[in-house]
Amino acid sequence: MFKLKRRPLGYLALGAIIIIDLVVFVAAALEGQLFLDFFTENLQETFFFQGNLLNGSLVSYLILNSLWFHIPLIVVVVACALVGGEGNDGSLQTILTRKASRGAYVLSKYLLVTLVSLVLVLLLAATSLGLSYGFFGRGDLLVLMETLNIIPFEDALMRLIGAFAFGMLAMITVGLMAATISLFFDSPVNAILVSIFSMILLTIIGKGMPASVGWAKLLFVYHLSGWQNFFPFEVAWSELVESLLVLLIHCMVFILVGVWYFRRKDLV
Amino acid sequence: MATDMADEVIERVREKIGKVKGFSANVALELDVDFIRMPTKYAAMAYHPPKEAKFDSEDFIVVPKRGLDFTYEDLFKYEYSSLYVGEEMVNDQKVHVVKIIPLENKSKVVLATLFIDQKTDQILRSEINTRSHGTYLIDMKFDQVKYNLPSEMVITFEMEKFNLPLKYLGKNVDVDKKKMKSEGPKTGRMILSFSDYKVEL
């Protein structure tokens, strides 16, 4: 933790989250109404819409979409830097000559990565919900998910909170994967590249497989966007539980593989 | 003969409609369209013809553009021709069936068929063919016989195919694109349930 405080990387990651928020806010303020008109163009021939759909619920939902791509990248970079950095400059050998066991050391790294992933998503949630509702006001959420769903404000807020909570587990999984990969590399840069490449590869493999085969659903990348299951008109609880289980299992597997490997790793 | 009968029925209906100069009421709005899902919404409504109905709600609400002409202003505004078609049963009530054809091009309505309760002179059903907004059907239920103000109103309308912008759909969302493309115009319904009428005479 002390080391994290001293490194600028953590602050850069937090800054990146706030910038993502701000970019979405500006885009929503400038283009939000056009975006909504595009969605509802056909419907406006038949209906009058009364009320504000460009509101905090919609903007928070748009920010949630950054969980798909942007936040995993930040988590990968931070996790690899936290875990991989010490092998590079020899400080790892120094640490392990002291009292810490290899198992305890690597578990402490996983704990740190977990905490950092949590903080990143918490910050994203707090800033997006707080600022979105502060700037754009409260209102029903319009979501295009199988059908055009209009979710009342109170319900929408609970679903958004649920989605961010889900996002925490998803980002922890990404962080633990990156941390595990980092254990195999001395250079954090190599670990970052391999982690990102792995995610891209798994995503392509997952998309290439027909969902009916079921293999895609075993890949954790398939479930990173599982938070979307909060936004059909009826929350898709069974899919959510399935995604949570797959992610939890992957977290455990990453930790077990990391500990097993690190105990046997030749550090000399 | 058919025209005289039609005029007589229409005269009684217009007299009933004309009793009310305006009204306000609470309304529950329930949308029944297969590609839009929203819970029942509640609003306060005020209607003072010839102005359009106004809705006031803290919720986001969706209101149909057609079918809220409670005084049939658009239908009777211009000179029209009428025809008594016969009798039918609607919701177990015996009704007069009258067709009305506005004679001026300015009228938004091309043809209207009204199903009028023989006992109460209330319009239980209207089928309205418009010049530019297709056809829509209005079914009304009443819990009083004094005014032509419904307790429930079901507006059935045709909608153009809704083009879902697929690239904005969720990543894991399964959509039958072929089925969507093959589907033509859809029928939607809006159910309005009225309560707490305050009638201005």
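1. Two strands are taken here to pair if DSSP finds at least two bridges between them. On that basis, strand β2(A) and strand β3 (residues 147-151) of chain A form an antiparallel pair, with five bridges. The coordinates under discussion belong to a predicted model, and every remark below should be read accordingly.

2. Individual bridges in this pair can be named.

3. In general, strands of a sheet pair through backbone hydrogen bonds, in either the parallel or the antiparallel sense. Here β3(A) and β2(B) run parallel and are joined by two bridges.

4. How enclosed is β3(A) by the rest of the structure? Four of its five residues are buried, so the strand is largely enclosed. The buried positions in α3(A) are A:Gly56, A:Ser57, A:Leu58, A:Val59, A:Ser60, A:Tyr61, A:Ile63 and A:Leu64.

5. Helix α6 (residues 102-136) and helix α7 (residues 153-183) of chain A pack at an angle of about 145°, and their axes are 8 Å apart. The crossing of α6(A) and α7(A) is right-handed. The residues in this contact comprise 17 nonpolar, four polar and one charged. On the α6(A) side they include A:Val113, A:Ser117, A:Leu120 and A:Val121, while those of α7(A) include A:Phe164, A:Gly167, A:Met171 and A:Gly175. As background, an α-helix has 3.6 residues a turn, so residues three or four places apart point the same way.

6. The largest nonpolar core contains 110 residues, of which A:Val75, A:Ala79, A:Cys80, A:Leu120, A:Met171 and A:Ala178 touch the most other members. Helix α7(A) supplies the largest share of this core, 16 residues. Which residues does A:Met171 touch, when those up to four places away in sequence are not counted? They are A:Ile71, A:Pro72, A:Val75, A:Ser117, A:Leu120 and A:Val121. A:Leu120 and A:Met171 also belong to the contact of α6(A) with α7(A).

7. A:Leu202, in helix α8 (residues 188-208) of chain A, has another setting. This residue counts as partly exposed because 17 C-beta neighbours lie inside 10 Å, whereas 20 or more would be required for a buried residue. Apart from neighbours within four places in sequence, A:Leu202 is in contact with A:Leu219 and A:Val221. The C-alpha atom of A:Leu202 is separated by 24 Å from that of A:Val116, the two residues being 86 apart along the chain.

8. Chain B has three helices and 12 strands. Of its 201 residues, 29% are buried. Among the contacts in chain B between residues at least 6 apart in sequence, 51% join residues at least 24 apart.

9. B:Pro49 and B:Pro50 are joined by a cis peptide bond, with omega about 10°; B:Pro50 is located in the loop between β3 (41-47) and β4 (54-56) of chain B. B:Asp121, a residue other than glycine, has a positive phi near 60° and is placed in the loop between β8 (109-117) and β9 (123-130) of chain B. With 19 C-beta neighbours inside 10 Å, B:Asp121 counts as partly exposed.

10. B:Asp196 likewise is not a glycine and has a positive phi, of about 50°. Its location is within strand β12 (residues 186-200) of chain B. Is B:Asp196 buried or exposed? The residue counts as exposed, because 9 C-beta neighbours lie inside 10 Å, and a count of 12 or fewer places a residue in that class.

Conventions. Residues numbered from 1 in each chain as written. Chains lettered and ligands numbered in written order. Predicted model: local features only at pLDDT ≥ 70, side-chain atom pairs only at ≥ 80, totals over all residues. Contact = placed C-beta atoms within 7 Å. Axes fitted to C-alpha atoms, helices over the stretch in contact; angles between N-to-C directions. Left-handed = near helix turned anticlockwise from the far one by under 90°. Nonpolar A, V, L, I, M, F, W, Y, C, P; charged D, E, K, R; others polar. Core = buried A, V, L, I, M, F, W, Y, C linked by C-beta atoms within 7 Å.
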